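The following exercises are to be worked with the sequence and the structure at hand. Each task is followed by a solution in steps.

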Amino acid sequence: MSQDRHDDREKTVQISWSTVAEQMRQTTPPKACLIIISGIDMGSIIPLDQPKITLGRDPECDFVLRDDGVSRIHAEVIRHGPESVIIRDMGSTNGISVGGQRIKEAILNKGDKVLLGPRTILKYEIQDQFEETYQKHVYESSTRDGLTGVYNRRYFNQKIISDLSFARRHKIWFTLMIFDLDHFRKINDAFGHRIGDQVLINVAGSVLSILKTEDHLARYGGEEFAIIAPGTNDEGSLALAQRVLKRVESGAIIAADGSDKIIKVTVSIGATTVTPGSAVEPATVISAAEGNLSEAKHSGRNRVVGSLIK
């Protein structure tokens, strides 16, 4: 009996090893990439899969960097072979440094750190499929809320800075909404925190389903969520807020505790819209949205209060 168990263990280990080994043999060849290790887009991977890639703030760049210290067309990365890469300054205002040295053009070696402007740092790497998957997982873990899967507060804090700055530079509208689940504490008290978590997941998913690609939903804290909607004007803001209200209110959540009880929830929304070109700070926009949310809750809940910042 003891010998049989020993043989089974050896067999199990062999099968597992063979499976992983086969995956390693079939993996794609290592690829060159740049990983953003410091700055607003920290954690993002820039694949160098084209002969020439432009980096900068301009939407027409191959990879858009949201840092204000980066020029519109800051750098050009040229790939001559699988692991032969050159970076070139395209006349940027704040320049490029490789390994601490200011350069106009440089050949990159694996592990080199590239500084674009005052704070965005890229690291040149050669990654295989496993390393790329790991890096993506690390990035997702750092930017996503563990419960609902939407963006987390850390990502929100970075995103509102970059998107508000982009809106000001390009003179486009910008809208922020913060919404709160009404009487959420009563749900937790009546059904328990596990069902409360289920409600948060359902609400996040239903709201996410009606947003545009360029809109971002983040868990702001507890039962509060925030929507960043660049390019949305005051009329569009009100229309979006009403869609959120109706989508949440019309949803029926069946408690996953065996009781089959139906939970109905509503939200209160505070929205603020910034007119094109307005030089307003993120803290001011957030404060306005939070104030409007408070007013929506105190005036009856399940409603929208909005304002305009000129």
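**Exercise 1.** Locate His 183 in this predicted model, and decide whether His 183 is buried, partly exposed or exposed.

*Solution.* 
Step 1. His 183 is found in the loop that runs between β12 and α4 (184-191).
Step 2. The relative accessible area of His 183 is 43%. Buried requires a value under 20% and exposed a value over 50%; His 183 is therefore partly exposed.
Step 3. The backbone deserves a note as well: although His 183 is not a glycine, its phi is positive, at about 55 degrees.

**Exercise 2.** Determine how helices α5 and α6 are arranged, and which residues meet between them.

*Solution.* 
Step 1. Two packed helices are described by the angle between their axes and by the distance between those axes.
Step 2. Helix α5 covers residues 193-208 and helix α6 residues 234-250; their axes come within 9 Å and cross at roughly 135 degrees.
Step 3. Angles over 145 degrees count as roughly antiparallel and those from 65 to 115 as roughly perpendicular. The helices α5 and α6 are therefore oblique to each other.
Step 4. The crossing of α5 and α6 is right-handed.
Step 5. On the α5 side, Val 203, Ser 206 and Val 207 take part, and they meet Val 244, Arg 247 and Val 248 of α6. Sorted by class, this contact has 4 nonpolar, 1 polar and 1 charged residues.

**Exercise 3.** State how many aromatic pairs the whole structure has, and characterise the pair of Phe 156 and Tyr 220 and the pair of Phe 179 and Phe 225.

*Solution.* 
Step 1. A search of the whole structure gives 3 aromatic pairs.
Step 2. Phe 156 and Tyr 220 lie 5.3 Å centre to centre with 85 degrees between the planes, an edge-to-face pair. This pair links distant parts of the chain, since Phe 156 is in helix α3 (residues 153-170) and Tyr 220 in strand β13 (residues 216-221), 64 residues apart.
Step 3. Phe 156 has 1% relative accessibility and so counts as buried; Tyr 220, at 6%, counts as buried too.
Step 4. Phe 179 and Phe 225 form a stacked pair, with 5.5 Å centre to centre and 20 degrees between the planes. Phe 179 lies in strand β12 (residues 174-181) and Phe 225 in strand β14 (residues 224-230), so the pair ties together parts 46 residues apart in sequence.
Step 5. Both Phe 179 and Phe 225 are buried.

Notes:
Residues numbered from 1 in each chain as written. Predicted model: local features only at pLDDT ≥ 70, side-chain atom pairs only at ≥ 80, totals over all residues. Heavy atoms only, no water. Axes fitted to C-alpha atoms, helices over the stretch in contact; angles between N-to-C directions. Helix = DSSP H or I, 4+ residues; strand = E, 2+ residues; numbered from the N terminus. Parallel < 35°, antiparallel > 145°, perpendicular 65-115°, else oblique. Left-handed = near helix turned anticlockwise from the far one by under 90°. Contact = heavy atoms within 4.5 Å. Nonpolar A, V, L, I, M, F, W, Y, C, P; charged D, E, K, R; others polar. Phe/Tyr/Trp six-rings, centres within 6.5 Å; stacked < 30°, edge-to-face > 60°. Buried < 20%, exposed > 50% of the residue type's maximum accessible area, 1.4 Å probe, protein only.
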